[in-house]
Amino acid sequence: MIIDWYPGHMKKARAQITEILPKIDLVIEVLDARLPISSANPLLERLRNNKPCIKVLNKADLADSSVTKAWISKLEQQQAVKALAIDAKDRRDAGLIPKLCRKMLTARVKAGKPLRILIVGIPNVGKSTLINTMAGKKIARVGDKPAITTCPQQIDLRNGILLSDTPGILWPILDSVPGACRLAASGAIGDDAYDSTAVGLVSAEYLSERYPGLLLKRYKLDRLPDTPLLLLEEIGRQRGCLVSGGEVDLHRAAEVLLRELRGGKIGPISLERPNETNSAFERATETQ
Ligand code: G4P
């Protein structure tokens with residue numbers, strides 16, 4: 001099913017993060033609220049070494065709020081970590097971050113020193129959106145491609161915060177099947193890097209188990225089809241994804257499901273829960 005992997009990239013990322021961290025007071029790690037573990041790169045956690053950190057659960061508007069709450073409690077068990085669920089497009093939500101930075105760095109605030117903040121996260125997690133909302137204007141970013149050598153870009157938010165942005169540093173970890181499959185389902189990785197039908201089938205199974213009511217409502221069903229395949233076929237028929245002879249084009253049906261899932265059309269959905277060990281995404285490993 002999966003996917004793509006960037007071997008030499010981690011070495012470069014390690015070197016860049018190691019170089020910049022001593023000049024940083026606090027790290028903002030932007031995660032996807034729907035999949036906070038799979039959208040993290042564990043390298044950062046290893047290198048951060050108890051430096052204060054805000055784990056921003058972004059795209060919380062697309063996630064299941066009760067699961068997001070559970071994630072906040074879980075993440076805040078980590079040393080020197082505060083977690084915050086936000087929609088990066090919302091000015092009020094983004095405004096909570098500078099407030100929390102000041103609260104976590106009172107000594108530097110009292111000393112009248114600028115707060116040196118590093119913002120990191122995998123591509124597509126919403127970093128640019130968040131930076132733009134916090135800055136109140138569009139900031140050009142380059143480099144979210146592994147082949148491009150980047151250097152940190154410093155942005156003065158003009159509120160005592162100097163934000164170091166590091167485009168292109170962190171990439172998602174794709175060597176675990178459940179994690180990669182969740183990332184694919186969320187839209188975090190390019191369409192050509194995975195098999196939409198396979199990811200659509202696993203997602204259909206996950207949604208049938210975790211969010212049956214939302215599926216019934218979205219696809220106006222009296223009962224859920226018995227298998228993920230039958231569910232995809234039903235969605236395909238409803239959305240006119242047919243090939244000659246009237247058969248369902250499963251690939252297109254899977255793309256419809258994934259598009260509606262990512263766009264929040266089915267409802268607020270989390271693709272990962274704390275301590276999850278037996279969801280459709282975990283079971284997908286066994287069928288690889
Ligand atoms: P990046 O810098 O980390 O790579 O991510 P970027 O900000 O470009 O955001 C990736 C996509 O996620 C964008 O959608 C953006 O609008 C969307 N996004 C970011 N934050 C949030 C959020 O909190 N909630 C929701 N619902 N969406 C969010 P796009 O379709 O790629 O671009 P656009 O058409 O919206 O500009």
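**Overall build and salt bridges**

Arg182 has a relative accessibility of 2%, and because the cut-off for buried is under 20%, Arg182 counts as buried. Please keep in mind that this is a predicted model.

What does Arg182 pair with? It forms a salt bridge with Glu272, and the closest N and O atoms are 3.9 Å apart. The two residues sit in distant parts of the chain, 90 residues apart: Arg182 is in helix 7, residues 177-186, and Glu272 is in the loop between helix 11 (250-262) and helix 12 (280-286). Glu272 is buried too, with 6% relative accessibility. The pair also belongs to a network of salt bridges that links Arg182, Arg210, Glu272, Glu276 and Glu282.

Let me step back to the whole protein. It has 12 helices and 6 strands. Its radius of gyration is 20 Å, close to the 19 Å that the globule rule gives for 288 residues, so the protein is as compact as a globular protein of that length. Along the principal axes, the C-alpha atoms fill a box of roughly 70 × 35 × 35 Å.

How much of the protein is buried? Of the 288 residues, 50% count as buried. The accessible surface comes to about 13700 Å², and carbon and sulfur atoms account for 51% of that. As for contacts between residues at least 6 apart in sequence, 72% join residues at least 24 apart.

Now the charges. The protein has 43 positive and 33 negative charges, and their mean positions lie 10 Å apart. How many salt bridges are there? The count comes to 17.

Two further pairs are worth a look on the screen. In one of them, Lys55 and Glu45 meet through their side chains in a salt bridge, at 2.6 Å from N to O. Lys55 lies in strand 2, residues 53-58, and Glu45 in helix 2, residues 42-48, so this pair ties together parts that are 10 residues apart in sequence. Lys55 is buried at 5% relative accessibility, whereas Glu45 is partly exposed at 28%.

The other pair is Asp32 and Arg34, a salt bridge in which the closest N and O atoms are 2.7 Å apart. Are these residues buried or exposed? Asp32 is buried, with a relative accessible area of 5%, and Arg34 is buried as well, with 4%.

That is the end of my part.

Methods:
Residues are numbered from 1 along each chain as its sequence is written. This is a predicted model: local features need pLDDT of at least 70, side-chain atom pairs count only at pLDDT 80 or more; totals for chains, interfaces and linings use all residues. Side-chain values use heavy atoms; hydrogens and water are left out. A salt bridge is a side-chain nitrogen of Lys or Arg within 4 Å of a carboxyl oxygen of Asp or Glu. Buried means under 20% relative accessible area, exposed over 50%, partly exposed in between (1.4 Å probe, protein chains only). Helices (H or I, at least four residues) and strands (E, at least two) are DSSP runs, numbered from the N terminus. The radius of gyration is taken over C-alpha atoms; the globule rule is 2.2 Å times the number of residues to the power 0.38. Contact means heavy atoms within 4.5 Å. Accessible areas come from the Shrake-Rupley method with a 1.4 Å probe; for residues, only the protein chains shown count as cover. Lys and Arg count as positive and Asp and Glu as negative; His and the chain ends are not counted. The place of a charge is taken as NZ of Lys, CZ of Arg, CG of Asp or CD of Glu.
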